[in-house]
Amino acid sequence: MPGTRTLAVEVTHVSKNGFWLLLGDEELLLPFSEFPWFRQATIEQLTTVEWPSPDHLYWPLLDVDLSAESIRHPENFPLVSASSASPSLQRDAPQAVRP
């Protein structure tokens with residue numbers, strides 16, 4: 001009976017600057033400067049990662065989806081995360097009071 005094919009992904013190293021993912025035989029660096037939503041993640045949250053298809057990675061404990069291509073070439077995928085967005089653009093940010 002054939003099963004669901006699962007691609008192998010592993011976090012191989014975590015430092016204060018980022019973490020490394022092993023995708024098959026390719027190792028990729030995710031620097032926190034480029035992927036800031038991982039900066040405050042726990043080791044469990046970082047290492048609980050799924051690779052359901054060749055270009056799709058998912059961190060279920062963080063509810064983060066990324067394209068593998070966006071990790072290889074982040075300069076081609078300008079992203080704005082809630083951790084770096086202007087407080088005035090964040091949904092729950094307090095509104096400025098005007099006199």
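## Ser 33, out in the open

Ser 33 is exposed, since its relative accessible area is 62% (exposed means over 50%, buried under 20% and partly exposed in between, with a 1.4 Å probe and protein chains only). You will find Ser 33 in the loop between strand S3 and helix H1 (43–47). Ser 33 and Asn 17 lie 16 residues apart in sequence, and their C-alpha atoms are 7.6 Å apart in space.

This is a predicted model, in which local features need pLDDT of at least 70 and side-chain atom pairs count only at pLDDT 80 or more, while totals for chains, interfaces and linings use all residues. Residues are numbered from 1 along each chain as its sequence is written, and side-chain values use heavy atoms, leaving out hydrogens and water.

## The three-stranded sheet

Helices (H or I, at least four residues) and strands (E, at least two) are DSSP runs numbered from the N terminus, and two strands pair if DSSP finds at least two bridges between them. Here, 3 strands in the order S1-S2-S3 make an open sheet with antiparallel pairing. Strand S1 (9–15) and strand S3 (26–31) are the edge strands, each pairing on one side only.

S1 is joined to strand S2 (residues 18–23) by 6 bridges, and the two run antiparallel. Opposite Val 14 stands Phe 19 in S2. In a regular strand, side chains alternate between the two faces of the sheet.

Together S4 and S5 form a hairpin, with 2 residues between them. Look for Glu 50, which stands opposite Tyr 58 in S5.
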